[in-house]
Amino acid sequence: MASGTYFPKPVKAVEIPKKDGGIRVLGIPTVEDRVAQMAVKMSLEPKIEPCFLKDSYGYRPGKSAHDAIKITRTRCWKYNWVLEFDIRRLFDNIDHDLLMRALKKHANKKWEILYIERWLTASIVKKDNVIEVRRVGTP
């Protein structure tokens with residue numbers, strides 16, 4: 001991977017039904033791409049993980065949605081106010097330039113940055129086999 005010759009394959013779009021009747025499109029990478037993603041994760045995560053607040057639960061090692069619910073329940077009994085928000089279609093709207101600028105503050109290996117850029121812009125194959133190029137969001 002350090003040579004820069006690896007290129008990700010297009011991800012497969014799979015539609016997941018939501019409780020409200022809508023759908024969520026999930027991008028499924030190839031096994032080869034998952035292995036490569038894990039290599040980048042293992043290299044990058046120890047550098048980035050210390051930057052997160054202890055109350056950040058999304059996609060963090062050793063933390064789960066159940067942990068977030070547990071701490072929320074505890075705090076609901078402790079405090080007399082609640083802050084609720086929903087970030088609609090967050091992963092569909094991530095700005096690549098903004099994400100890459102943030103990443104470059106922490107990634108010190110060029111190959112990590114190179115592959116994350118390639119994954120962000122990987123094409124997505126829709127259910128009708130139409131290939132869509134992504135310029136925003138995460139596939």
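## Before we start

Axes here are lines fitted to C-alpha atoms, for helices over the stretch in contact, and angles run from 0 to 180 degrees between N-to-C directions. Helices (H or I, at least four residues) and strands (E, at least two) are DSSP runs, numbered from the N terminus.

This is a predicted model, where local features need pLDDT of at least 70 and side-chain atom pairs count only at pLDDT 80 or more, while totals for chains, interfaces and linings use all residues. Residues are numbered from 1 along each chain as its sequence is written, and side-chain values use heavy atoms, with hydrogens and water left out.

## The overall picture

The protein has four helices and four strands, and along the sequence they follow the pattern β-β-α-α-α-α-β-β. Its C-alpha atoms fill a box of roughly 55 × 40 × 25 Å along the principal axes.

Of the 139 residues, 23% are buried (under 20% relative accessible area, with exposed meaning over 50% and partly exposed in between, using a 1.4 Å probe and protein chains only). Now take the contacts (heavy atoms within 4.5 Å) between residues at least 6 apart in sequence: 55% of them join residues at least 24 apart.

The four strands make an open, mixed sheet in the order 2-1-3-4. Two strands count as paired if DSSP finds at least two bridges between them. Strand 2 (23–28) and strand 4 (131–132) sit at the edges with a single partner strand each, so one side of each has no neighbour in the sheet.

Strand 1 (residues 11–17) runs antiparallel to strand 2, with six bridges between them; in one of these, Ile16 partners Arg24 of strand 2. The two strands form a hairpin with five residues between them, and Gly21 in the turn has a positive phi of about 95°. Strand 1 also pairs with strand 3 (residues 124–125), this time in the parallel sense over two bridges, and here Val11 has Ile124 as its bridge partner.

## Helix 1 against helix 4

Helix 1 (residues 31–48) packs on helix 4 at an angle of about 130°, with the axes 10 Å apart. The two are therefore oblique (angles under 35 degrees count as roughly parallel, over 145 as roughly antiparallel, 65 to 115 as roughly perpendicular and the rest as oblique). Their crossing is left-handed, meaning the near helix is turned anticlockwise from the far one by less than a right angle, whereas clockwise would be right-handed.

Helix 1 brings Asp33, Ala36, Gln37, Ala39, Val40, Ser43, Leu44 and Lys47 to the contact, and helix 4 brings Trp111, Glu112, Tyr115, Ile116 and Trp119. That splits into eight nonpolar, two polar and three charged residues (Ala, Val, Leu, Ile, Met, Phe, Trp, Tyr, Cys and Pro count as nonpolar, Asp, Glu, Lys and Arg as charged, and the others, Gly among them, as polar).

## Helix 3 against helix 4

The axes of helix 3 (residues 96–104) and helix 4 (residues 110–120) come within 11 Å and cross at roughly 160°, and the pair is therefore roughly antiparallel. This crossing is right-handed.

His96, Leu99, Met100, Leu103 and Lys104 of helix 3 meet Ile113, Ile116, Glu117 and Leu120 of helix 4. Sorted by type, that's six nonpolar, one polar and two charged residues.
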